[in-house]
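Dear colleague,

I am passing on the structure below, together with some notes on what was found in it. Please read the notes alongside the coordinates.

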Amino acid sequence: MSLQLLTSRLKQTFGYDAFRPLQREIMETSLAGRDALAILPTGAGKSLCYQLPALVREGLTVVVSPLIALMKDQVDQLEASGVAATFLNSTLDGNEARRRIDGLNAGEYQLLYVAPERLMLPDFLSRLRGWKIVALAVDEAHCISEWGHDFRPEYRRLKEVRQLIADIPVLALTATATERVREDIVKQLELRDPSIFLASFNRPNLKYQVVAKAGAAAQVCNFANARPDDSGIVYCQSRKNTEALAATLRAQGFSAVAYHAGLDAEERAKNQDAFLRDEAKIVCATVAFGMGINKPNVRYVIHADLPKNIEGYYQETGRAGRDGLPADCLLLFSRGDVMKYLKFLDEIPDQQARAVAHHQLDQMTHFAESDVCRRVSLLGYFGEVWSLENCGGCDHCLSPREKWDATTDVQKLLSCVLRIRQAGNFNVGLNHISEVLTGGQSEKILRWKHDQLTTHGIGKDQPRPYWVDLGRQLLRLGLLSGSEDKFPTVAVSQLGIDALKKRETVMLTRSLAVPKSKTIRTGDIPCDPGLFEVLRTLRKELADARNVPPYVVFSDVTLRHFSRDYPGNDAALLRVPGVGEKKLDDYGRTFIDAIRAWLTENPRQAFTPLEAVAAPPPRTPTITGGTAAITLELFKNGQSVAEIAITRSLAESTIESHLAQAIENGGQLDPRGLYTAEEERQMQAALEGYDEIALKPVFEQLEGRISYGKLRLYRAVSLQLASAS
């Protein structure tokens, strides 16, 4: 199987000329028979990492998918591209399920999508033995971890499939995983010395915006009214809010539906289908909606209520702009939401779970209130450093909030905290401090004699919420420190004491307000808007005739290219991203005719050539090998392969694979001593003219005299030398 075969099938089947970052490396690793974990952001093309290899393998690739809707969506798109794919789930009647199982028995399919619950049924596991399973892909792999935000216990049993079919590679994929979750995925799936592919979490086409919540329904309506033709998701925390907001939007003339777990299955499916088919432009939903939804042209995501953690927020905003075109992410923030959630959290019986939930809410609140670039905050949560001063795609960088000299008020607040501590040898919370500063006469103030403090009433010129907000800013700056108690208190930190003593100037940022900034257009594809609307209508008609969502026919990206390039024949159409041979046969002539008809009555518009998106430099994609770094360090310190194997209690072939991986990733290693001159001669002869990924034929040709690890080492060294010459 030639490496060039992947590229040719990419164009032939899916209509793309080049791979996205890390796709090719992930595919090659899997095709070489190795386990891998891929963390790629939404829209980075995770699905292709197992779909394309399935087309060049001889056998069946099983894909574990958590949601029924995602399975049908993926299979619809694959079938539209001419791929033999199917799914098995509870939506199929008995006859249809048997027909598909007969097809699997006959080897008619290349890809099978299945939910983990069905996969682990005893009779289903026994069926797997009769099918030629060549690979296992685990989508939304973060569901396997208790530390993730979508934990599903049934995922924990997936390692049994590997134990049943021992010699297949496993590929785990997810868009959101902290380091702790990544480690848990590797452990729970029992991945064998996996390559770990970690791309940047940055989504350059998304604009992040947080505004003060002031009448959520009106704010959502105004936002949607500025984008009447766009699809959007509005997230609410309660079922009641989703229905109320959807009703309000409909009353304002929008096509909107609600989605939450309280609806019966039929209505949920109907509403979701209406959204996927562009019949409902807006879906108002709880977090029950979205994971695995493959609709690429969602142009905005609004959080009408505060998300409970950053990981969920990132995942939900990631459903916007999957096609790479510009999209907006708006968060409506209020302290009222925070206080409401705190009451819910206090009811969590498990102390550790309650502490984790409090910490996550604190992080989310800090993100909303902070004046730091949104990308710095988001990517930093996942351990990624954003180095540029201005990301060009968030409210803070596009319209920075006003800075002001808060030195005098900061001194008042810090002094008040110190006086309260000195008076009673205990700390209090920000609400009590704000009452003291504004001259309050509450029962606690009188009982603790805080009305006699010199700082009592020195902040009467500002309302209490002002002082609470100021205190929260000082917590973020580190001038105050907070407790982790059920009723949190604050104290002046050493940094705060130093600021008081030195009378340092403290510049702070004004509070959130309703935005005035314009939407950015990062990743936009300028085109003939009239033709784009004509083609969008045509796409909807063709999709309805085939009973599939419009994006299964062509994506908005493809339609925009049609509407700027005006392709007039098959060859021109094939040059457009997203047009493969099957779609050319199915739809090409219809769209060519529509474009020609448009040009008979309208002038051809000219557009400047598209340039690569000038996004800030992303995190350098990393390819790590789990424990390979330890092996590499020991080798550089002078230990031999045999010595490292003893030290680490691993097979020598595993150590050799670690070192080969280091060379493949650009590391410079001296190969002398890794294999003998005779072994080198034999490997050179066996690999002469051989450009397949899999090394099994070479291993068998050499009758097992030379290990896989040495074969991989030799090939890695040879390729490195060839590229350097």
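Just after helix α12, Asp278 takes a positive phi of about 65°; helices here (H or I, at least four residues) and strands (E, at least two) are DSSP runs, numbered from the N terminus. Please bear in mind that this is a predicted model, in which local features need pLDDT of at least 70 and side-chain atom pairs count only at pLDDT 80 or more, while totals for chains, interfaces and linings use all residues. Residues are numbered from 1 along each chain as its sequence is written, and side-chain values use heavy atoms, with hydrogens and water left out.

The twelve residues of α12 should span 16 Å at 1.5 Å a residue, which agrees with its end C-alpha atoms being 16 Å apart (the expected span is 1.5 Å times one less than the number of residues). Within this helix Asn271, Gln272, Ala274, Phe275 and Leu276 are buried, where buried means under 20% relative accessible area, exposed over 50%, and partly exposed in between, with a 1.4 Å probe and protein chains only. The elements that cover these buried residues include α4, α24 and the strands β9, β10, β11 and β12.

Those strands belong to an open sheet of six, in the order β8-β13-β12-β9-β11-β10, with parallel pairing; two strands pair if DSSP finds at least two bridges between them. β8 (206–212) and β10 (256–259) each have a single partner strand and stand at the edges, so one side of each is left without a neighbour in the sheet. On average, neighbouring strands of this sheet are turned by 15° against each other, direction ignored. Helix α12 lies across β9, β10, β11 and β12, running at about 135° to β10, whereas helix α11 (residues 239–251) lies across β9, β10 and β11 and runs at about 175° to β10. For these angles, axes are lines fitted to C-alpha atoms, for helices over the stretch in contact (heavy atoms within 4.5 Å), and the values run from 0 to 180 degrees between N-to-C directions.

Strand β9 has five of its five residues buried, so it is largely enclosed by the rest of the structure. Ser231, Ile233 and Tyr235 are buried on one side of β9, and Gly232 and Val234 on the other. β9 pairs with β12 over five bridges in the parallel sense, with Tyr235 opposite His303, and four bridges join β9 to β11, where Val234 stands opposite Cys284.

The structure holds 32 salt bridges, each defined as a side-chain nitrogen of Lys or Arg within 4 Å of a carboxyl oxygen of Asp or Glu. In one of them the side chains of Lys540 and Glu279 meet at 3.2 Å, N to O; this pair links distant parts of the chain, with Lys540 in helix α23 and Glu279 in the loop between α12 and β11, 261 residues apart. Lys540 counts as buried at 18% relative accessibility, while Glu279 is partly exposed at 46%. Another joins Asp337 to Lys213, the closest N and O atoms being 3.0 Å apart. Asp337 is in helix α14 and Lys213 in the loop between β8 and α10, so the pair ties together parts that are 124 residues apart in sequence.

Best regards
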